[in-house]
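My notes follow in the order I looked things up.

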Amino acid sequence: MKGLLVVDIQNDFLPGGALGVPDGDKIISTVNKLQYHNEFKLVVGTQDWHPPDHGSFASNHEGKNPLDIIELGGLEQILWPDHCVQGSIGSDFPKELDINKMEAIFRKGMEKEIDTYSAFFDNGHKKDTGLTGYLRARNIDHVYIVGLAGDFCVNFSIRDALEQNFKVTLIEDCTRPINTDEFENVLKELKEKGTEIISSGDLLT
Ligand SMILES: [Zn+2]
């Protein structure tokens, strides 16, 4: 059965937000429609949900700026502006996003010593968010993915979903990257790994 995974459509990832993805807001109305598509037997959302002292924030490392690269918990970490701080307006879903169809919302990025881009695991693959088990328990074997940002949380979620042996489809017009130039390469790699890439028009009429 098919499920829809809606990744990190939160105020801070929209234009004007702390870590705004260019045109991130443009995907919302289509994502809302997709959630009601008959093919999807389950809709699940994710929410980046950091404590204020999270290690991915440049502000928590003296002398560092956003986009600097450091080592965090033994892994290479890009530093970001403070974003999606637990309970802040930035961490909230935008009011334009319909969340009524989401049966569960998986929060991630809560451990300060490691970042979690993927909906399935932290970046070191040390902790499982439980999403794989949840999807299996609901007989989902094919995951359609939409959301933000295409080159980070969506990209990492797709890679993990493939590794967990789900069939994976990216709905390309329902994601936007932070870095548009690099995203072509990301898409090419994801395709090579077995991701099906479609447009929302293939599903919606
Ligand atoms: Zn984050």
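I started with V7, which counts as buried because its relative accessibility is 0%; buried means under 20% relative accessible area, exposed over 50% and partly exposed in between, with a 1.4 Å probe and protein chains only. V7 sits in strand 1 (residues 2-7). Strands here are DSSP runs of E with at least two residues, helices are runs of H or I with at least four, and both are numbered from the N terminus.

Note on the source: this is a predicted model, where local features need pLDDT of at least 70 and side-chain atom pairs count only at pLDDT 80 or more, while totals for chains, interfaces and linings use all residues. Residues are numbered from 1 along each chain as its sequence is written, and side-chain values use heavy atoms, with hydrogens and water left out.

What does V7 touch, not counting residues up to four places away in sequence? I found T46, I145, V146, G147, L148, C153, V154 and S157, where contact means heavy atoms within 4.5 Å. I also checked V7 against I198: they are 191 residues apart in sequence and 17 Å apart in space, C-alpha to C-alpha.

Next, the core. The largest nonpolar core has 54 residues, and L4, L5, F120, L135 and I171 have the most contacts inside it. Such a core is a set of buried Ala, Val, Leu, Ile, Met, Phe, Trp, Tyr and Cys residues joined through side-chain atoms within 4.5 Å. Helix 3 gives the most to this core, six residues.

Then I looked for disulfides, meaning pairs of cysteine sulfur atoms within 2.5 Å. The count is zero. C84 is in none, and the nearest cysteine sulfur, that of C153, is 8.7 Å away. C84 is buried, at a relative accessible area of 0%.

Now the open space. I used a 1 Å grid over the protein atoms alone: a pocket is an open set of points with protein on both sides within 12 Å along at least five of seven lines, a cavity is a set where a 1.4 Å probe fits but cannot get out, and lining residues have an atom within 4 Å of a point. Points are joined across faces, edges and corners, and a volume is the space filled by probe spheres set on them.

The largest pocket comes to about 470 Å³. Its lining has 20 residues, with I78, Y117, D151, F152 and F156 closest to the centre. Strand 4 (75-78), helix 3 (150-163) and helix 4 (180-192) each give two or more residues to that lining, and helix 3 gives the most, five.

The second largest pocket has a volume of about 190 Å³. Of its 13 lining residues, G109, E111, T116, D122 and K127 are the closest to its centre.

Last, how many cavities of 30 Å³ or more are there? I get three in the whole structure. The largest cavity holds about 120 Å³ of space, and of its 16 lining residues F13, L19, H83, Y117 and C153 are closest to the centre.
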